[in-house]
Amino acid sequence: MLVVVITGASQGIGAAIARAFAEEPQARLALVARQQHKLEAVAADCRARGADVLVLPCDVTDEAAVAAMARQVLDRWGAPDVLVNNAGQFRPAPLRETSVETFRAQLEANLTSAFLVTQAFLEAMIARRQGHIFFMGSVASIRAYPGSVAYCAAKHGLLGLARVVREETRTLGLRVTVLLPGATYTPSWEGVDLPEERFMPAEDIARTVRALYHLSPRTVAEEIVLRPQEGDI
Ligand SMILES: NC(=O)c1ccc[n+]([C@@H]2O[C@H](COP(=O)([O-])OP(=O)(O)OC[C@H]3O[C@@H](n4cnc5c(N)ncnc54)[C@H](OP(=O)(O)O)[C@@H]3O)[C@@H](O)[C@H]2O)c1
C-alpha cells in the first residue's frame, strides 16, 4: 500500500504527479484542490492506471477545511507515505502595482497552504516514523523575479518553511524535499506567447518526485533545481 496526498492535483504539475504515482502497485491517492470536476477527471485517469483514489475538494488556505480533509485521509488510510505540497497560484505584478490584499492572497495560496497541510499530517507521519514530504518551491525561491513580488516572496518563504521542517524531522524518520522548478508547461502559463518546447513538461517534474521517493530511506534529496534546457524564461 502506498498512500499519497497531493494538493493542487486538479491540473498541471499536481495532476502529472498523481498520474505518475497511480502507476505504483496498490497506490492510494488523495487528490486535493478546490474544483471537484477537474479532480474527478484526474481521478478517472488514475483509476484507469489501477489506483484507489479519494477526491477531496478543499481550499488549502482554509484551516478548518484542511483539518477536515486530513481527517478523511487519516481515518480511511492512515498516515501518508508521501505528502506533496504542490498547490499554488501565480499572479505576477510588480511592487508598485501590488495591493496588500493581493500580497496576502499570494502568501496564503503558496505558503500558508503548505504550512496548514503539513501541520495537519505531521503528527501522524511522525508517529509512524516514516514518510516523505515534498514542497513545490520554484526558481523564484532562490532568485529575484522583478514583476512577481508577492509570488517570489511567498516562494522564498516556502523554501524557509521546508528547510525548517527538514531540520525538525530529520531524526524522526521523515524525509523532506523541496523542488525548485523553472518554467513548466501547465495552464498557469496560459496566454504566454512562447512555444511549448521552451518549457519543461510537467511529467518530468512528476517523474523526479517519484524517483526521489524511491531513493533508499538512508538518503534524502533536500533541494533540487530543475530548469528548461535553454534556461529560465
Ligand atoms: N508551471 C511552472 O512553470 C511552475 C514553476 C515553478 C513552480 N511551480 C509551482 O508548481 C505548483 C503547481 O504549478 P502549476 O503550474 O501546475 O499550477 P496550475 O496549473 O495553476 O495548478 C495549480 C493547482 O493548485 C490548485 N490550487 C490553487 N489554489 C488552491 C487553493 N487555495 N486550494 C486548493 N488548491 C488550490 C489548483 O486547483 P483549483 O483551482 O481547483 O483549486 C491547481 O490544481 C505551484 O506551487 C507553482 O507555484 C510552477
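## Reading the ligand site

Student: Where does the ligand sit?

Tutor: The ligand sits in the largest pocket. A pocket is an open set of points on a 1 Å grid over the protein atoms alone, with protein on both sides within 12 Å along at least five of seven lines. A molecule sits in one if more than half of its atoms lie within 2 Å of its grid points. Do keep in mind that this is a predicted model, where local features need pLDDT of at least 70 and side-chain atom pairs count only at pLDDT 80 or more, while totals for chains, interfaces and linings use all residues. Residues are numbered from 1 along each chain as its sequence is written, and side-chain values use heavy atoms, with hydrogens and water left out.

Student: Which ligand atom is 2.9 Å from the side chain of glutamine 89?

Tutor: For polar contacts, look for a pair of N or O atoms within 3.5 Å. A nitrogen atom of the ligand is 2.9 Å from a side-chain N or O atom of glutamine 89. Ligand oxygen atoms also take part: one is 2.7 Å from an N or O atom in the arginine 34 side chain, and a polar side-chain atom of threonine 186 lies 2.5 Å from a ligand oxygen.

Terms used: Polar contact = N/O pair within 3.5 Å; in protein donor to acceptor, adjacent residues only side chain to side chain. 1 Å grid on protein atoms, 1.4 Å probe; cavity = no way out; pocket = protein on both sides within 12 Å on 5 of 7 lines; lining within 4 Å.
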